[in-house]
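Here is a quick tour of one model, written for someone who likes cut-offs spelled out. Have the viewer open and follow along.

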Amino acid sequence: SRAKDVTMPAKLPVSFFSPRSPVIDLFRGQLDSADQLRQDSEIVLYFFYAPWCGQSIAAREEIERVASALSDRVLFVAVNCWWNQGKCRKQKHFFYFPVIHLYHQSFGPIEYKGPMSAVYIEKFVRRVMTPLLYISSRSKLLDFLSNYEPGVLGYFEFNASPQPPGYLTFFTSALHSLKKDYLGTIRFGVITDKRVAEEISLERSGSVYLHRHANTSLVYPKDMMNYTAENICRWALENREMLIRWLRPHGGKSLLLNNELKKGPALLIFIPYNPLAEIHPLLDEITKVALEYHKCNKSQAAEPDLQHLDTDSPASDSSVTDAHTKLAETFSIRKSPCCNTVVLPQWHSISRTHNVCELCVNQTLGVKPDKVLVPHCNFLEIEAALDSFYLQEHTFFQVISSTIECSNFLSFYSPFSYYTACCRTVNRHFLSFIGSEKTIFQTPKVAFSSHGKKDNSQFSIPHIEDRNCFIPDLNISNINITGLSCRTNKTLNLYLLDSNLFWIYAERLGASRSAHLKEFAAIVDMKEEVHYVLDQNQSLVGPTLENFIKNFSILYSPLKRHLVDDPSVDFQEQRVITEVTTNSFHETVFLSEKSVLLLYYAQWCGFCASLNHVFIQLARLLPPDNFTVARIDVTRNDLPWEFMADHLPTILFFPHQRKEQSVKFPEDFPVNLPNLLKFILHHSSLSSSEPCTKECRHKESVLQQGHISHLEREIQKLRSEISALHQAHDQLEAQLSEARREEQRLQQQKHTLEKQHKTLQLHSEQLQATYDQKNQELLEMAEKLQELADASENLLKENALLRILVASREGKLQSKDEIKEALQSEQTLSEVKDISPSTAPATSEESRIDNTDTRETEQSTANRTE
Amino acid sequence: GAAMLRSLGSLLCLWALRLPPGPGAAARGPDVASYRERVRAMFYHAYEHYLESAFPYDELRPLTCDGQDTWGSFSLTLIDALDTLLILGNVSEFQRVVNVLQEGVDFDIDVNASVFETNIRVVGGLLSAHLLSRKAGVEVEVGWPCSGPLLRMAEEAARKLLPAFQTPTGMPYGTVNLLHGVNPGETPVTCTAGIGTFIVEFATLSHLTGDPVFEDVARRALKALWKNRSDIGLVGNHIDVITAKWVAQDAGIGAGVDSYFEYLVKGAILLQDKELMSMFLEYNKAIKNYTKFDDWYLWVQMYKGTVSMPVFQSLEAYWPGLQSLIGDVDNAMRTFLNYYTVWKQFGGLPEFYNIPQGYTVDKREGYPLRPELIESAMYLYRATRDPTLLELGRDAVESIEKISKVDCGFATIKDLRDHRLDNRMESFFLAETIKYLYLLFDPDNFIHNDGSDFDVVITPYGECVLNAGGYIFNTEAHPIDPAALHCCRKRKEEQWEVEDLMQEFYSLKKTKKFTFKTASDHGEGERPKDPEGATSEKAGEKRNSRKSSHSLLSCPSQSFNSKLAVLGQVFLDNT
């Protein structure tokens, strides 16, 4: 049909910005008028948008905000670059919207690629307005140089000529750098005062200087490279020093974090940042730490900027560095490679008496390892020991009695190793800086745990490192941060992220969602797949950050792998399946007096979600007093290494009293109710061999009780099933009787129909008879007609004969003409004879008409009979 | 071939340069609640105009404000939109429509209908409506979910399709007359998806009604495709169902093939079927080897593996969603971000997009408001909670409202270059596009239930746990509750077995007669093996032994760096 071909052209464009907006809106895409407008202003910002684009709509507000702040100095022009009749669409080919282009007079376009946030855009526009900072005094110079971002300085004497040679090139290179480096990390400054220039040893006008903190600063080699804007810019970009970098992912597909984090362990510092703010005290503090961290070369300390920074720190600081380094190194050597220092958080139960423990892993049980021949132990073992230590630490509570106390414990998952823990008290101020190991488990109960062997005496093996467990980390505060990056083999790369824009990364790393202050620091080690978090109860300031770095750098780091926990789980809610999180894992699985079936799942995994109903059924079926069916969403909850699962769903069973001997549901078995029940039964505790004591009787009766209630539930279920069956039966019955009634009705209908059929048949016979009769009549009629026709034919013949007769008579009459007058009386007779033949055909015609009439009537009667 | 690939590779690399700027205001993420309400308003604008101007025709023509029959004469838009009503929470309208359909829809009509479309839209729509009807407050009969008026309608519709499967290969014809069966002289050429997109609906029907014929024909068709894959493990686009000769030999993941792969995965999840999953994993390997370039999937010759069309099709955008269901979230996100750039360029996805040229393909510039990219965004948002995915949702709402909204509904975009509109609103707009958009912006919807909520239903066959989440969407976005499949089929003997096992739990002395080993033998011997499937079974077993470390029916847990893989960040070499 024609409606199929109906199409409709796109709606005409309408204005995108409000008429009151300071932004000029060329919503018909008039690029030519946009170009004309450019003549009117020194600085122009073009906002190319598509009206349907969500990002353009979101950015519109931000642009308006910038425009209202800068409208007196900058011209803001918005161009609809989608409207297909517009010039813009015809000339420009964009792959995304919005696109922001800036012009500084004829220089441009400089594309803005930073965050679509008003403050960032405004900052960038301001940089385009004044690409060069004017360094008028020594203090301004110090300010300029102390900044964490690389700075390029040009010295130009304006005394000689209004514009010294090379100045324009330098200016252009500053603009050029904004094109290349849209984050604007390299700052450009110009010095006109000779005395100020001398501070950085620039003597000749036209020199360009790149300031660096950790390495020697550079002067642009004019003799080796052509003095062009592009070259200066490239030189600065290539040689700049990035002690600490901003990470600003642009939102599109990007390998930024991949590339940065693969360089090595990274310290990510999240702070709220306003690029327009005049001062950034926190940022300055972080910068100071970063500079110290990277300050490897002593001679650099003499540089003016550092003195400027270090005004508040004693000058003696650097002089003692060497001593500290040595100290740290000696500790490293002394320390057993299989030991680790654990600092207990203050709220901890043990920490009431002890707050620092030295943890040593020993490979072989019963063999005293010689101090010299301490076996090498890998990182994983230490981790495992640490985790086990945390799991068992409440047992320390019992044995701790004197200031230094050591105990040996079996490690959970390796029967061949055990570890020693020596705990002691260290005065408070030491603890203030190590706080990242926010313990993952809630304060354990004082009650003795069930998972160790009851026979405690076997743990009284003489401790191995008895007197040696002096804690080296006590002196950790003496390790100096200065130049640490060069002394450690675990060098950190430092990064800044604006928590106004990228807080989501902090949340992913475990930043608490409730925090008002969006400050957070974490060390991410992609290779080891671990990350550490700076204790969020401490404020993010220079010293805490320094200690965080130091703790990471020393050989046996006290930092503990951070485990991210899902805060959204509501524990109040009573559920059939217990939801486990990182924090409740230990309590639910190990401390509970029940056998636990634990399902590792993820919400997004199709294979997990489709099994929900099986586990719900299982949980409803199992005796609730003895069994817990639990599950943990492993995308939102980290677990200690030994409890991690590499595939989902994974089903682990922790039998009561043998929690450490967890078993995994075999993966090639279909996960269904009977299989799960068999699995649980198979691995449930066996008590049959013991002779039946009173206790056992009691148990039996409890079990019986449970069974009875189970059976009662079953009966209940069966009853409801029976009632359902009854209902179904009733329904069927009703349907059946309905069907029967229907059948009867149909039978009756059949009878009536048959009767009707008979009458109809009768009727049709009658009709047939009438039809035959009529037919007969018709035939008769036809015969009569035939007769009539014959008669008329005879008449015609007679008529013809008569004519012949008349003609012969006329001939005779003519011959007798002469005698006519004589025979007058005979003439009248011939006239009479002349009339009679003309009447005969008339009658025959009349009869023919009659004939057709009757045929018509016959036909109509025939129709009726049919 | 190799030279072409190399040049293609360099072109593909250019993609890295065409990246849009900053998250900026978006770092806060779009306002979820307000967008959810806008989606709801979009639904009613379209739905009410359909009822007013087009019902009982299949579809609304939004420019002329009238209706037309397109895929049959079933009031298709109404059937398709039914479960969207419930997802939007409109219980009363759901109930009204259920009554309207029971009275008004007749499948005894002399209409030539597409077997594929009738299955996914009509059978699928009726099945999901049937399974959701109790939740929607419809008075259900006692045998529910194993009986009911909507189930009977679905079964009736499906039976009308069965004659199409009467071929020597078991692969169905593409078209069937609902009254007379396959027309004499019907073309035997069917697209791959038209053969392999039945298992979800048909297995559900078989499990609910107890008649195995549906699942059997669906499985037979799947096996026939598997048997006819090329030596390098790819399938083409169209095949002759009589001779099993490939008529179109382009292999890819998009048009003509798409839902075949989708149903292998979804069938495997729904039925806990390792065989289907092992088939998919084999295909997945071949697809990665031959068609994947820089996170794009191209079209290749199915026997040689040479690139035949370097295009991205709008229909391919379901792939990231499918990958996320089986745990390949990193790759899914990377491909998704590629597709998203195309949306940003045009305000929609063109049917074909030439990747090296970075532009639409002639005659394929339309965007009929398809759901696939939004569907993937919904799945990925479940997995990553990445605000970028909400941004896609925001962009879709803004685009569709700005470009295709007309007085009488929402019109297909005929040409994405100038946003000219066409006089059509496909039924999948209400069934899928709106549904996935709404679900993207409604993380607490019952569809996203993670198993915290469930219903217990007493049936004459025993007690069932239903609506515990894990819904499997058919390819027309009709959700199927996997628990329902275990409800009707649940055999009495399993119940007795469970009861026997429970006895054990309450006895002090373990008889030990239930050893886990014997259980496994029983479990494996359970599935009947027909001779035709022998080869595939073997392939599955081989795979099993090689990767014995984990079950085929599992997802790998996410890597460490997935914590930071949000806001466009991707990571390489996740090993």
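Where is the place of A:Thr581 in chain A? A:Thr581 sits in the loop between strand S21 (578-580) and helix H20 (585-591) of chain A. (Helices, H or I with at least four residues, and strands, E with at least two, are DSSP runs numbered from the N terminus.)

Before going on, some bookkeeping: this is a predicted model, where local features need pLDDT of at least 70 and side-chain atom pairs count only at pLDDT 80 or more, while totals for chains, interfaces and linings use all residues. Residues are numbered from 1 along each chain as its sequence is written, chains are lettered from A and ligands numbered from 1 in the order in which they are written, and side-chain values use heavy atoms, with hydrogens and water left out.

A:Thr581 is buried, with a relative accessible area of 1%; buried means under 20% relative accessible area, exposed over 50%, and partly exposed in between, using a 1.4 Å probe and protein chains only. Leaving aside residues up to four places away in sequence, A:Thr581 touches A:Asp565, A:Asp566, A:Val569, A:Phe571, A:Ile632 and A:Asn637, where contact means heavy atoms within 4.5 Å. With A:Asp565 there is also a side-chain polar contact of 3.2 Å. (A polar contact is a pair of N or O atoms within 3.5 Å; within protein, one must be able to donate a hydrogen and the other to accept it, and residues adjacent in sequence count only if both atoms are side-chain atoms.)

Now for the salt bridges. Over all chains the structure holds 53 of them, each one a side-chain nitrogen of Lys or Arg within 4 Å of a carboxyl oxygen of Asp or Glu. Here are some examples:

| Pair | N to O distance |
|---|---|
| A:Arg126 and A:Glu122 | 2.9 Å |
| A:Arg195 and A:Asp193 | 3.5 Å |
| A:Arg245 and A:Glu260 | 2.7 Å |
| B:Asp295 and A:Lys253 | 2.7 Å |

A:Arg126 and A:Glu122 are 4 residues apart in helix H4 (residues 118-129) of chain A, so about one helical turn separates them. A:Arg126 is partly exposed at 32%, whereas A:Glu122 is buried at 11%. In the next pair, A:Arg195 is exposed at 62% and A:Asp193 partly exposed at 21%.

What about the two chains together? In contact are 132 residues of chain B and 121 residues of chain A. They bury about 11000 Å² between them, 62% of it on carbon and sulfur atoms; that buried area is the accessible area (1.4 Å probe) two parts lose on being put together, summed over both. Between chain B and chain A there are 6 salt bridges and 35 residue pairs in polar contact, both residues at pLDDT 80 or more. Helix H18 (residues 492-506) gives the most to chain B's side, with 12 residues.

Last, helix H2 (residues 32-54) of chain B. Its 23 residues reach 32 Å from first C-alpha to last, close to the 33 Å expected, that being 1.5 Å times one less than the number of residues. Its buried residues include B:Tyr35, B:Met42, B:Phe43 and B:His49.
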